[in-house]
Amino acid sequence: MIGDGVESGFLSPYLLDEGLSKDRVALLFTVYGVTASVSAWFSGALSDLWGPRRVMLLGLGIWAALQVAFLGLAVPAHHYVLLVVTYGLRGFGYPLFAYGFLVWVTAVTPRHRLGSAVGWFWFAFTGGLPTLGSLVASFTVPWLGTYRTLWFALALVVAGGLVALLLVREPTGGQRLAPPGERPVATLLGSLSIVWREPRIGAGAVVRTVNTAAQFGFLVFLPVFFTDTLGFSLTEWLRLLAAMFATNIFFNLLFGLVGDRIGWQRTVAWFGGVGCAVTTLLLYYGTSAAGDDFPLAVVLVGLFGATLAGYVPLSALMPSLAPDHKGQAMSALNLGAGASTFVGPAVVGLFLGPLGVEGVMWVFAGLYLASAGLTVFLTLPGRTTAPGTRVVPAAPEAGKA
């Protein structure tokens with residue numbers, strides 16, 4: 001995930017410097033997001049059919065092959081259609097690898113430790129994308145240049161992928177997770193139809209989409225806002241991005257534990273939805289008032305990164321909402337995660353022109369509040385709760401240590 005995150009803080013301004021318009025860059029990121037969302041959905045369904053390890057291998061191969069085509073053909077030729085095809089299709093790669101592994105984690109972890117386990121997963125995920133990825137880029141871009149840094153990212157992805165596939169020996173990951181008699185077409189269709197068969201799963205997928213929509217939207221316009229409007233250097237922006245998600249990775253662990261203690265639903269609603277709405281607005285108004293005040297900016301981006309982790313227990317809650325169809329529930333969750341990669345840039349593309357940066361930040365804050373409201377539907381089977389109340393199901397489902 002470090003290799004995948006290397007480009008996150010500078011690819012947008014790099015493509016602008018290469019002559020692409022802001023609209024074309026936003027479209028490129030949106031196409032990438034669409035393919036990532038489809039891939040995220042398939043990661044759960046294919047893990048049911050083939051086992052998570054094979055899905056991870058497929059994702060690694062797609063990422064590596066398309067990165068070579070993107071850097072070797074599309075970027076040197078400055079050919080926009082080729083850029084869209086190669087970079088857009090590369091979006092199939094990382095969700096298959098990362099979310100295939102998440103399915104593996106949820107398949108083998110005992111219920112009472114599931115919140116903590118997914119906290120560790122997101123600790124590793126955001127530790128790479130974009131935390132350490134951006135930090136690595138802040139050193140390699142001045143040293144190697146942007147283009148060579150993108151090649152360096154390929155080496156990191158291949159190295160990390162081989163570590164995971166060669167050293168993780170847990171046997172369940174190599175096995176089909178779907179019931180023996182279930183047919184492939186039924187598994188694939190079931191991973192999508194569960195969204196309306198189980199409305200709570202559909203609501204959870206929407207909440208997951210909102211979770212990181214702003215994160216991916218920010219990568220489209222905040223690099224330009226921080227450098228051109230506020231006056232930060234590109235290196236300072238990359239380090240701010242690293243600081244945002246350095247905070248996030250530690251709070252991923254914290255909120256995984258908190259969710260196991262006070263309830264997954266309550267944690268997502270208050271720390272995630274309401275918290276992100278507040279910190280999104282603080283990030284804009286605080287930096288706008290202070291300008292290129294780096295220490296204050298570190299605090300503000302860190303607050304956003306901390307509240308973003310409030311959604312971590314959703315990864316434990318979703319498979320528990322459909323205990324007989326965990327793989328399908330994870331497909332829906334992953335579909336929401338993938339959808340955020342294009343919903344975020346799409347929001348920017350739609351509203352940045354007419355509303356400006358301030359308006360876009362308000363749109364994202366509103367989405368976060370809406371997601372907090374949706375958590376009222378995320379109650380475990382056999383239980384109902386009012387908004388914000390503690391979820392305390394029966395002992396096997398409580399998620400308590």
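This is a predicted model: local features need pLDDT of at least 70, side-chain atom pairs count only at pLDDT 80 or more; totals for chains, interfaces and linings use all residues.
View 1. Side chains of opposite charge can pair when their charged atoms come close. Here the side chains of Arg 90 and Asp 4 form a salt bridge, with 3.6 Å from N to O. Arg 90 sits in helix H5 (residues 80-90) and Asp 4 in helix H1 (residues 2-5), so this pair ties together parts of the chain that are 86 residues apart in sequence. Arg 90 also has a salt bridge with Glu 7, where the closest N and O atoms are 2.9 Å apart. That one links distant parts too: Glu 7 is in the loop between H1 and helix H2 (11-17), 83 residues from Arg 90. Glu 7 counts as buried because its relative accessibility is 5%, and Arg 90 comes in at 0%.

**View 2. Glu 198 meets Arg 200.** In this salt bridge, the closest N and O atoms are 3.8 Å apart. Glu 198 is partly exposed, at 28% relative accessibility, and Arg 200 is partly exposed as well, at 22%. Back at the other site, salt bridges with shared partners join Asp 4, Glu 7 and Arg 90 into one network. The count of salt bridges comes to three.

**View 3. Helices H3 and H6 side by side.** Two packed helices are described by the angle between their axes and the distance between the axes. For H3 (residues 22-50) and H6 (residues 93-108), the angle is about 35 degrees and the axes are 8 Å apart. The crossing is right-handed. Among the residues making the contact are Tyr 32, Phe 42 and Gly 44 of H3, along with Tyr 94, Pro 95 and Tyr 99 of H6.

**View 4. Helices H11 and H13.** H11 (residues 234-262) packs against H13 (residues 294-308) at about 35 degrees, with axes 7 Å apart. This crossing is right-handed. The contact includes Phe 245, Phe 251 and Phe 255 from H11, and Phe 294, Gly 302 and Phe 304 from H13.

**View 5. Thr 209 tucked into helix H10.** Look for Thr 209 in H10 (residues 199-229). Thr 209 counts as buried because its relative accessibility is 14%. Setting aside neighbours within four places in sequence, Thr 209 is in contact with Gly 336, Ala 339, Ser 340 and Val 343.

**View 6. A nonpolar patch on the surface.** Val 158, Leu 162, Val 163, Leu 166 and Leu 167 make a patch of about 450 Å². Leu 166 belongs to helix H8 (residues 146-167) and counts as exposed, at 53% relative accessibility.

Terms used. Residues are numbered from 1 along each chain as its sequence is written. Side-chain values use heavy atoms; hydrogens and water are left out. Patches are made of residues with over 30% relative accessible area and no salt bridge: like charges are joined within 9 Å, nonpolar side chains (Val, Leu, Ile, Met, Phe, Trp, Tyr) within 5 Å. Accessible areas come from the Shrake-Rupley method with a 1.4 Å probe; for residues, only the protein chains shown count as cover. A salt bridge is a side-chain nitrogen of Lys or Arg within 4 Å of a carboxyl oxygen of Asp or Glu. Helices (H or I, at least four residues) and strands (E, at least two) are DSSP runs, numbered from the N terminus. Buried means under 20% relative accessible area, exposed over 50%, partly exposed in between (1.4 Å probe, protein chains only). Axes are lines fitted to C-alpha atoms, for helices over the stretch in contact, and angles run from 0 to 180 degrees between N-to-C directions. A crossing is left-handed if the near helix is turned anticlockwise from the far one by less than a right angle, and right-handed if clockwise. Contact means heavy atoms within 4.5 Å.
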